[in-house]
Amino acid sequence: MPSSPHPATAPDGLDVLVVGAGFAGLYLLHRLRGLGLCALALEAGSGIGGTWHWNRYPGARCDVESMDYSYSFDPALEQEWSWTRRYPGQAEILAYIEHVADRFDLRRDVRTATRAAAAAWDGGDRVWRVRTDGGTTYAARYLVMATGCLSMPKAPGIEGLDRFQGRVLHTGRWPHGEVDFTGRRVAVVGTGSSGIQAVPVIAEQAAEVTVFQRTANFSLPANDRPLAPDEQEAVKRRYREHRAQARRSPTGIPGRKADRSALEVPEAERTATYWDAWERGGLFGMLRSYNDLTTDADANATAADFIRERIAETVDDPATAEALAPRSHPFGTKRPCIDSGYYAAFNRDGVRLVDLRAEPLAGATPDGVATARGAYPADDLVLATGYDAMTGALTAVDPRGRGGLRLHEAWAEGPTAHLGLAVAGFPNMFTVTGPGSPSVLSNMVVSIEQHVEWITDLIASARERGAEVVEADPEAQRRWSAHVQEVAGATLFPRADSWYMGANVPGKPRVFMPYPGGVDVYRDVLEDVAASGYEGFRLSRA
Ligand code: N01
């Protein structure tokens, strides 16, 4: 049971049960402890770190820069930690998270290798009862889901996978320790961010790499490099201001807000702007070049054409270059990738692309992968096939709210949540970066900190008022969900079969899940709701 010394209000011990011990779960523990509450986090992984515990695949690196992808809640912490590269790699982010856990003594309130397997609201005692996969049941007044948005792998959907005799490696469940590809024939299925990061690194070692691509993706150069000490010091000198700008920016990353359409500037100027973003590297420079790239198809096409030209220039074989050129969706409507040498990897001997639109995947065989056209022998099969994003990790815990209402039933038509934070019918349950909040469209650490602070403030406020139950009002939830869809409907996002839309999981309702209105706009909304005494939420004694 929890080792925290604080008094608890729930009958058997806990004020708050947190599910997950990544960036969100750990900060929750810190904040809740600061409020004098008794909290415990259950973590399915063998260690803390969430995404960065699981995603150990070669080349795993964040697409937000190091100086931005870090906690801002403690000025001393941000001054004492130093990053080595412009974009942080998996091992460095995990080391950072471990440093934070030790610095704030958080590990004592985390149970690792413990999966929350079921959760049910007990309206009589006004507690959540949460059962673990080991059979332990915890009771807590509040349940906070810090389960991550891209943490539940989707079923790969590859026939005959169990017959394959070689190693099967999912990017999001990568083994600990080195995986040696020397001399091996490696098949990689999937060309999202994970596949695109892994391919060039695996290609440096393996004898052969065969990349199975169903949808060509837009990828921009990361231009990753060592972070110079003076560059880092310059940010640290004005870190408070930098963080404040991040919170008031559309994506949670400081930067100039474009005020012009891509269509109102001469072509030569536009091309120069795109070149500048391309050479600086990174995702957001290009996306932010003009103010209508995500809303106007013609404006978007100017950026898409520019990227396709760079692919054609980079890849030697014209047929491979053409197959790699994304044409099925506007730029940015599926999460664009940033890479270090992805397109150039196809110029190496032994690296080839299989275009599954031309030759559909038949499935795995005992010794490789088969398509409609032929067989591709492989020793290793790397699955970079993605996640049941935003909802999969939440419904996997199978929360049951009032009257036994199950979350996956409540979301049968797609996820609806008030402000992305709470679901009507599920009292005292909160979701960090849940559907209906900027979440995966933003710098996750900024959005996580905002939600953790907002949720813990709400819990503190409820306690001050003597309220034991906090619940989203169904009508407020309906209005917010309609607003999210209205804002999404004014963008190009719904045009892509993306995981943002739930389109990558067969049978999942097709609904745009994150809130595309911007971190800045959303922050104003949450601040107004808190200032109003939590309008849209019912706080009651029972
Ligand atoms: O997953 P994905 P991911 N047969 O869903 C293909 C974040 N992330 O792990 O597009 C054949 O994007 C699928 O094809 P299609 C980031 O937000 C960030 O790469 O559905 N192919 C697609 O190509 C990212 O967006 C970082 O037609 C199959 C791929 O597999 C999110 O995580 C790094 C298939 C899946 O791509 C998810 O990225 C890594 C099948 N049966 C991840 N099933 C950084 O910070 C799926 N595919 C840089």
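**View 1. Strands E19 and E20 run antiparallel and are joined by four bridges.** Strand E19 spans residues 469-472 and strand E20 residues 537-540; helices (H or I, at least four residues) and strands (E, at least two) are DSSP runs, numbered from the N terminus, and two strands pair if DSSP finds at least two bridges between them. Both faces of E19 are covered, with Val469 and Glu471 buried on one side and Val470 and Ala472 buried on the other, where buried means under 20% relative accessible area, exposed over 50%, and partly exposed in between (1.4 Å probe, protein chains only). Leaving aside residues up to four places away in sequence, phenylalanine 537 touches His418, Leu419, Ala422, Trp454, Leu458, Val470, Glu471, Ala472, Asp473 and Val529; contact means heavy atoms within 4.5 Å.

**View 2. The largest nonpolar core has 125 residues.** Such a core is a set of buried Ala, Val, Leu, Ile, Met, Phe, Trp, Tyr and Cys residues joined through side-chain atoms within 4.5 Å. Phe23, Tyr71 and Phe537 have the most contacts inside this core, while helix H15 (residues 444-464) gives the most to it, with nine residues. Because domain 1 (14-152 + 389-540) and domain 2 (161-383) both give residues to this core, it lies between them; the domain bounds come from an automatic or database domain assignment. A second, separate core of 24 residues includes Leu14, Val19, Met145 and Ala417.

**View 3. Domain 1 and domain 2 are in contact.** In this contact, 51 residues of domain 1 meet 54 residues of domain 2, and the C-alpha centres of the two domains lie 27 Å apart.

**View 4. An open sheet of five strands has parallel pairing in the order E7-E16-E8-E9-E12.** Strand E7 (167-170) and strand E12 (351-355) are the edge strands, each pairing on one side only, and the twist averages 20° from one strand to the next. Strand E8 (residues 185-189) is joined to strand E9 (residues 208-213) by five bridges, and valine 188 has valine 211 in E9 as its bridge partner. Helix H5 (residues 193-205) packs on the sheet, touching E8, E9, E12 and strand E16 (380-383), and its direction makes about 160° with that of E9; axes are lines fitted to C-alpha atoms, for helices over the stretch in contact, and angles run from 0 to 180 degrees between N-to-C directions.

**View 5. Serine 481 lies in helix H16 (residues 474-489).** Serine 481 counts as buried because its relative accessibility is 14%. Not counting residues up to four places away in sequence, serine 481 touches Thr416 and Ala417.

**View 6. Over residues 1-8, pLDDT stays under 50.** The model has 26 contacts beyond four places in sequence for residues 1-8, whereas the protein chain averages a pLDDT of 96, with 98% of the residues scoring at least 70; pLDDT is the predictor's confidence in each residue, from 0 to 100. Where pLDDT is low, the predicted coordinates should not be read in detail.

Key
Residues are numbered from 1 along each chain as its sequence is written. This is a predicted model: local features need pLDDT of at least 70, side-chain atom pairs count only at pLDDT 80 or more; totals for chains, interfaces and linings use all residues. Side-chain values use heavy atoms; hydrogens and water are left out.
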